[in-house]
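Please open the structure in your viewer and keep the sequence panel beside it. The stops below say what to select next and what is there.

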Amino acid sequence: MLNYNENELKAAAQRTANAYVKIANTRLGCNLPYPIPVEFDLCEERPKAGGQAHSMPLKIKLNMVMFIDNVREFLNQVVGHEIAHLVVYNRFNHRGLDAEGHGAEWKEVMRKLGLEPLKYHHMDVSKSLEHHKKMKVAKRKSKKREAKGDEE
Ligand SMILES: [Zn+2]
């Protein structure tokens with residue numbers, strides 16, 4: 001496996017997201033923020049998800065633990081998938097981010113971005129779940145330490 005530097009991956013995801021936003025803003029009638037904010041801490045909240053789109057403020061979140069092991073999938077599919085949610089949200093009156101998020105409009109946007117409208121990913125989530133668990137334990141411990149007023 002190639003050894004990627006985390007900062008390079010983040011920069012690549014940001015470039016990819018920006019490229020899709022540029023298409024959306026110039027050709028699909030959107031006015032999304034450019035550059036679009038991209039965050040990388042999704043593993044903490046949703047360890048099984050590769051990405052997530054947020055409406056307020058408009059941004060996307062990626063799962064960095066999964067990204068490292070699935071670079072191509074992220075750059076070729078996940079980033080565009082999440083931007084497509086923002087496009088639907090931006091264009092079709094706030095309907096892109098709910099449970100119906102992968103409907104006809106989202107599929108059409110995906111095709112216009114040159115992507116296959118796949119709802120689910122098939123990436124291995126075990127490392128991400130493990131990381132998520134470890135972080136929860138670490139957080140609990142640090143909270144306990146704070147409560148005790150540890151002098152360490
Ligand atoms: Zn989705």
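Select Glu146 to begin, a residue placed in helix α6, residues 126–148, where helices (H or I, at least four residues) and strands (E, at least two) are DSSP runs numbered from the N terminus. Residues are numbered from 1 along each chain as its sequence is written. What you see is a predicted model, in which local features need pLDDT of at least 70 and side-chain atom pairs count only at pLDDT 80 or more, while totals for chains, interfaces and linings use all residues.

Glu146 counts as exposed because it has 9 C-beta neighbours inside 10 Å; a residue is buried if 20 or more other C-beta atoms lie within 10 Å of its own, exposed if 12 or fewer, and partly exposed in between, with C-beta atoms placed from the backbone.

## The whole protein

Zoom out to the whole protein, which has 6 helices and 3 strands, following the pattern α-β-α-β-β-α-α-α-α when read along the sequence. Its C-alpha atoms fill a box of roughly 60 × 35 × 25 Å, taken along the principal axes, and buried residues make up 28% of the 152 residues.

## Helix α1

Now select residues 6–27, which form α1. This helix has 22 residues and reaches 32 Å from its first C-alpha to its last, close to the 32 Å expected at 1.5 Å a residue, the expected span being 1.5 Å times one less than the number of residues. Colour Ala13, Ala17, Tyr20, Val21 and Ala24, which are buried in α1. They lie on the same side of α1 because they cover an arc of only 100 degrees around the axis, the arc being that of the directions from the helix axis to the C-beta atoms. An α-helix has 3.6 residues a turn, so residues three or four places apart point the same way.

The face of α1 turned away from its buried side carries the exposed residues Asn7, Glu8, Ala11, Thr26 and Arg27. The buried residues of α1 pack against β1, β3 and α4. Just after α1, select Gly29, which takes a positive phi of about 70 degrees.

## The strands

Move to strand β1, residues 38–39, which pairs with β3 in the parallel sense over 2 bridges; two strands pair if DSSP finds at least two bridges between them. Select Val38 and its bridge partner in β3, Ile60. Strand β2, residues 51–55, runs antiparallel to β3 and is joined to it by 5 bridges, and a hairpin of 2 residues leads from β2 to β3. Within this pairing, Ser55 stands opposite Leu58 in β3.

The C-alpha atoms of Val87 and Gly29 are separated by 8.9 Å, although the two are 58 residues apart along the chain.

Finally, select Ala17, Ile60, Leu62, Ile83 and Val87, which touch the most other members among the 30 residues of the largest nonpolar core. Such a core is a set of buried Ala, Val, Leu, Ile, Met, Phe, Trp, Tyr and Cys residues joined through C-beta atoms within 7 Å. Here α4 gives the most, with 9 residues.

Definitions and conventions. Two residues are in contact if their C-beta atoms, placed from the backbone, lie within 7 Å.
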